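Good morning, and thank you for coming. Please keep the display in view while I speak.

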Amino acid sequence: MLSLSIATPGTAAIFRRGTVSGTSTSSSFHGVRIQQQVSARVPAAATISSSRKPSVVMMSKREAELKEIRSKTTEQLQEEVVDLKGELFMLRLQKSARNEFKSSDFRRMKKQVARMLTVKREREIKEGIKKRLSRKLDRQWKKSIVPRPPPSLKKLQEEEAAEEAAEAAKSA
């Protein structure tokens, strides 16, 4: 808890918030004294009996995602990075065309790409590849990428082709 006391000649005002117990640390500056005191309160939720707690502890979402990313090969990671960057490009096009899109997808995809590149770099460090060589290899890899449509565009094209086939079947 925080406690603030203002010391003026002859008077002292003390302002406290909450209950105070435990040790305190304090500092003073030009007559203003600030104290921080540690409280040892236990929330009511922690007093619930342990019989209701689940026996299985779930892995956090991020840890599960990292475990999945680490299980992939470097080539698979590179392919997925290319696909996600294509998806980001499609989102930017949708944004510029003022179409509907989820703005949260930008952040989610950027983080996903960053995680994959981090795992890739971790593997390079494990193999003993230095930063300069890594960047050189990245430049070579980027030049070798064959442009292809992102998966969402492929899916959209397949859906349109299926609709056209269905219309052709109805008219025939």
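A word of caution comes at the start: what you see is a predicted model. The protein contains 5 helices and 4 strands. Of the 172 residues in the protein, 18% are buried. If we take the contacts with a separation of 6 or more, 52% of them join residues 24 or more positions apart.

Let us now look at helix α2, residues 74-96, and helix α3, residues 104-127. Their axes come within 10 Å and cross at roughly 160 degrees. How are these two helices oriented relative to each other? Angles over 145 degrees count as roughly antiparallel, and α2 and α3 are therefore roughly antiparallel to each other. The crossing in which α2 passes α3 is left-handed.

On the α2 side they include Leu77, Val81, Leu84, Leu88 and Leu91. On the α3 side they include Phe106, Met109, Val113, Met116 and Val119. By type, the residues in the contact of α2 with α3 are 11 nonpolar, 3 polar and 9 charged.

Setting aside neighbours within four places in sequence, methionine 109 is in contact with Leu84, Glu87, Leu88 and Leu91.

This brings us to the core. In soluble globular proteins, nonpolar side chains tend to be buried together. In this model, the largest nonpolar core has 13 residues. Ile69, Leu77, Val81, Leu84, Met109 and Met116 are those with the most contacts inside that core. Helices α2 and α3 each supply at least two residues of this core. Which element gives the largest share? That is α2, with 6 residues.

Is valine 119 buried or exposed? Its relative accessible area is 3%, so valine 119 is buried. Apart from neighbours within four places in sequence, valine 119 is in contact with Leu66, Ile69, Arg70 and Leu77. Valine 119 and leucine 77 are 42 residues apart in sequence, while their C-alpha atoms are 8.7 Å apart in space.

We move next to helix α1, residues 61-70, and its crossing with α3. The axes of α1 and α3 come within 10 Å and cross at roughly 50 degrees. That angle makes α1 oblique to α3. The crossing of α1 and α3 is right-handed. From α1, the contact is made by Arg62, Glu65, Leu66, Ile69 and Arg70. From α3, it is made by Gln112, Arg115, Met116, Val119, Glu122 and Arg123. The residues of the contact of α1 with α3 divide into 4 nonpolar, 1 polar and 6 charged.

Lys120, Arg121 and Glu124 in α3 meet Lys131, Ser134 and Asp138 in α4. In the contact of α3 with α4 there are no nonpolar residues, 1 polar and 5 charged.

Serine 134 belongs to helix α4, residues 131-144. With a relative accessibility of 5%, serine 134 counts as buried. Not counting residues up to four places away in sequence, serine 134 touches Arg121, Glu124 and Ile129.

Two further residues complete the tour. Glutamate 79 is in helix α2, and at 42% relative accessibility this residue counts as partly exposed. Glutamate 79 and isoleucine 145 are 66 residues apart in sequence, yet 9.4 Å apart in space, C-alpha to C-alpha.

Finally, where does arginine 98 lie? Arginine 98 is in the loop between α2 and α3. Its relative accessible area is 76%, so arginine 98 is exposed. The phi angle of arginine 98 is near 60 degrees, a positive value in a residue other than glycine.

Thank you for your attention.

Conventions:
Residues are numbered from 1 along each chain as its sequence is written. This is a predicted model: local features need pLDDT of at least 70, side-chain atom pairs count only at pLDDT 80 or more; totals for chains, interfaces and linings use all residues. Side-chain values use heavy atoms; hydrogens and water are left out. Axes are lines fitted to C-alpha atoms, for helices over the stretch in contact, and angles run from 0 to 180 degrees between N-to-C directions. Angles under 35 degrees count as roughly parallel, over 145 as roughly antiparallel, 65 to 115 as roughly perpendicular and the rest as oblique. A crossing is left-handed if the near helix is turned anticlockwise from the far one by less than a right angle, and right-handed if clockwise. Contact means heavy atoms within 4.5 Å. Ala, Val, Leu, Ile, Met, Phe, Trp, Tyr, Cys and Pro count as nonpolar, Asp, Glu, Lys and Arg as charged, and the others, Gly among them, as polar. A nonpolar core is a set of buried Ala, Val, Leu, Ile, Met, Phe, Trp, Tyr and Cys residues joined through side-chain atoms within 4.5 Å. Buried means under 20% relative accessible area, exposed over 50%, partly exposed in between (1.4 Å probe, protein chains only).
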